[in-house]
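Hi everyone, thanks for coming. Let's have the chain up on the screen, and then I'll walk you through a few places in it.

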Amino acid sequence: MGVWWAPALRVLVLQAAWALGGGQVRYSVPEEAKAGTVVGRLAQDLGLEAGEAEARRLRLVAQGRRASVEVSGASGALVVSSRLDREELCGKSAPCALRLEVLVERPLRVFHVELEVTDINDNAPLFPAARKNLSIAEFTTLPGSRFPLEGASDADIGANAQLSYALSPNEHFTLDVKSSDENRKSLFLVLAKPLDRESVAVHRLVLTASDGGRPPLTGTVELVISVLDANDNAPQFNQSVYKAQLPESAAEGTLVARVNATDPDEGVNKDFSYSIVSLDPAGNRALFTIDPKTGEIRLTGALDFEDVQLHEIQIEARDKGSPPLSGHCSVELEVLDVNDNAPEVWVTSLSVPVPEDAAVGTVVAVLSVSDRDSGANGRVRCAVWPVSPFGLVATFAGSYSLVLREALDRERVSEYEVEVRAEDGGAPPLRASRGVRVPVSDVNDNAPAFAQAVYTVLARENNAAGAELARLWARDPDEAGNGRVSYSVAEGGGGAVSGGAWRSASSYVSVDAESGRLWALQPLDYEELQVLQFEVRAVDAGEPPLCGNATVQLFVVDENDNAPALLPPAGGGPGPGAAGEAASGPGSGALWAWAAWGAPAGQVVAKIRAVDADSGYNAWLRYELWEPRGKGPFRVGLYSGEVSTARALEEADGPRQRLVIVVRDHGEPARSVTATLSVSLVEGAEAALAAAGSSSSGPGLRAAPGAEGDASASAATNVWLVVAICAVSSLFLLAVVLYGASRWAPRAAVLSGPGPATLVCASEVGSWSYSQRQSRSLCVTDGAGKSDLMVFSPNFPPPPGPAAKETQPEPPALLDTVSAPPSPPLPATPLPLCRPFRPPPWPAVAVAVLSPRCPRVVVAGQVLEAPDGTVAPAFVSLPEPLDSWGTGGMKIWPHPAAVLVHS
């Protein structure tokens, strides 16, 4: 059991250690590393897959100062980008650790990396001055006398800053080095043998400082020692080290410390003065001053805890003897922190705009907060103001993420001004803030909505094509393309039946895609279309697009644009028809009827029938007798159209009466048509005979045979004459038909001359181009002939010469019985035909119109039959060129029972 728990326990300990470390990655790199030096495999250490670093834009964010390192986009490694100088970055601080933030997008995450810059021995020890002058009295200065020297400084740290000193060989002086602590050493030049100015007046020694680097670096200073006479007691301080503390907010003139020294000599050799010999750091000499008589050290500048926490001042007391002697001490001033630095807030990364459908928890910005103060003065609290859908999440010491707490709605609030406020823990606390503008980007979450669900539009008929009928408007609260609405008539969204066929609404109206204006594509005709209902769709340009629909009911308002039209007489047959314009003169409706002399008043002679295609008042017709005016023998019913006798007819009224009747509607303006009725007055028996002969045209009413066709119709002898002429003509025509049948029956085909060019059809494989039509009547029954077989020959270019004139179009004929002369040979180029036929070897095709009267035809050996006795066209291609009839024609073999009938 214990063996099983041991590995698990080790894993738990490692996880706990990682959690305590804050998930921080640490690297170290020596200073002065060359650019491009790989510090560490950052992407791999952060758990990113190969190629993911560049796809997710792995990048580095420095806090406050130049990092001199960067992330390689391809490999995701942390590499040196510029010169790394530990002394410039951290000074004497050890260790020199740079806190870096690494950002990864999609999703946005923040990692913290600590980079330690290790020291190398790149700085040689440096003395404050290249030469040091000393004055030592001869003889009176006893062996063992000590003279303090300023040590060298090394910008490096650690072993590279551990200095050792050596003095050039001589017999009078030695060097004494004492370590006050691990980083500080005191140097003293010790007199080993009394000096004799008469022997050597000036001693020149070289003091060498060597650091602990490998290889070590050295620095030197020249000691120039002048040998003096007399004064043999130097001033002595009561303390070798003075310690003091001041807050960094101490004002100029504040007393730092008071030093005190004594000299046992007498007279001039007892008088001495104080002076500042050196300061550490060396650049702070202007911060302090000392009274030469009292030894009071005062501030002459401002202290800054964030720059220097400890100042070391070397004080010298020099007497006025000859030679003068001096004593030395040091003053250590500790600077105390004061809350004099407000927090600082930086936005290190900002991902805007934020889509309005962003999920709760989305990171909008990454902020870094710092305070240069220490302790409670440097502890910072952050908050978001005013109240908004955003909040702060602490991710690491001094690092916060601005995240989304609530769902966004751009249509309600399109932009947020967020202020991040920071406050430290000092007394009184100091504050700072940073404003962040967060725009919200639009998402297509709103469909266009029409102002009305149903639009009712009234349009007068005969409107101009392109006339504006109405304007539709749909609102989409989204912006840019998501709110840009385009309009269209919905496919399958409506239509109407016109001429027995269904037509979609898009054939009548169109909607402007941008403005929503409803246009008429063609003039509307109330007689064709009364109500058109369709749907208009509004679609935005979002992704995916959203749409809204509205129903449009278009009512066509009738206009009086149709004049009354005369109908044929009741019972069938061709009746008069006329069309008249409003306020126009009489038209061309010519009718005639019979009336017997002596007919009583009120007898109906004829009835005028008319219809108006309009509706309502525009189609309400009234009949008026235009001529003759006054009291004539006839009258017309105002709304019935019946022509009746106004009184008993007399012989004095004449053999014929001409009536002009105007049919007028009630529209504005009114439209009318006129009908001319010729009433022949005959005896009662003749009227009965005429009525019997014209029973198919209605009682007493027939269409006139022509503008001049009413001569001799009133006499009975004329009737019998017409009957006789028709009988004789019929016999003659029958004889001609029989003769022609016996004359042409043995022949195999009949060829006609060229006719006018006629376009037949077109398809994807070609077209039947303009061809010369030839028609023949070919039937298998005894009925009257009609054009049931049409032959189409190719439309080749006419040959050169006089023969080209024969190819000019001639007036069309339903049937030609005259054979055409032989034509010149035509090129044998296949002619493209209509599907489903394939191009035949010879460019010719026959078209037969089959009907119950001619249900069976044999063409080129192929039998063509009409199915179920219906009317149907049949097509057949001729397989070979023809014989002496010419290459432009063809042979037709009729059925043995077929009879050629001429029309």
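**A walk through the chain**

Let me start with aspartate 614: leaving aside neighbours within four places in sequence, aspartate 614 is in contact with Glu461, Glu527, Asp558, Glu559, Asn560, Asp561, Asn562 and Ala619, where contact means heavy atoms within 4.5 Å.

Before going on, a word on the model: it is predicted, local features need pLDDT of at least 70, side-chain atom pairs count only at pLDDT 80 or more, and totals for chains, interfaces and linings use all residues. Residues are numbered from 1 along each chain as its sequence is written, and side-chain values use heavy atoms, with hydrogens and water left out.

Back to aspartate 614, which sits in the loop between strand E46 (610-611) and strand E47 (621-627). Helices (H or I, at least four residues) and strands (E, at least two) are DSSP runs here, numbered from the N terminus. What the side chain of aspartate 614 does reach is the backbone nitrogen of aspartate 561, at 3.4 Å.

Now the overall numbers. The protein chain has 7 helices and 63 strands. Of its 903 residues, 39% are buried. If you take contacts between residues at least 6 apart in sequence, 67% of them join residues at least 24 apart.

With those strands in mind, please find E29, residues 399-404. Is E29 mostly covered or mostly open? Mostly covered: 6 of its 6 residues are buried. In a regular strand the side chains alternate between the two faces of the sheet. Here Ser399, Ser401 and Val403 point one way from E29, Tyr400, Leu402 and Leu404 point the other way, and all are buried.

E29 has pairing to show as well; two strands pair if DSSP finds at least two bridges between them. Strand E28 (residues 390-396) runs antiparallel to E29 over 6 bridges, with valine 393 opposite serine 401. These two strands form a hairpin with 2 residues between them, and glycine 398 in the turn has a positive phi of about 80°. Strand E26 (residues 363-370) also pairs with E29 in the antiparallel sense, over 5 bridges, and there leucine 367 has tyrosine 400 as its bridge partner.

On to some backbone details. The peptide bond from alanine 427 to proline 428 is cis, with omega near -5°, and proline 428 is in the loop between strand E30 (415-424) and strand E31 (431-441). Another cis peptide bond joins glutamate 543 and proline 544, with omega about 0°; proline 544 is in the loop between strand E41 (531-540) and strand E42 (547-557).

Asparagine 462 is not a glycine, yet its phi is positive, about 65°. Asparagine 462 is in the loop between strand E33 (454-460) and strand E34 (468-471), and at 43% relative accessibility it counts as partly exposed. Alanine 480 also has a positive phi, near 55°; alanine 480 lies in helix H5 (residues 480-483) and is exposed, with a relative accessible area of 62%.

That's my tour, and I'm happy to take questions.

Definitions and conventions. Polar contact = N/O pair within 3.5 Å; in protein donor to acceptor, adjacent residues only side chain to side chain. Buried < 20%, exposed > 50% of the residue type's maximum accessible area, 1.4 Å probe, protein only.
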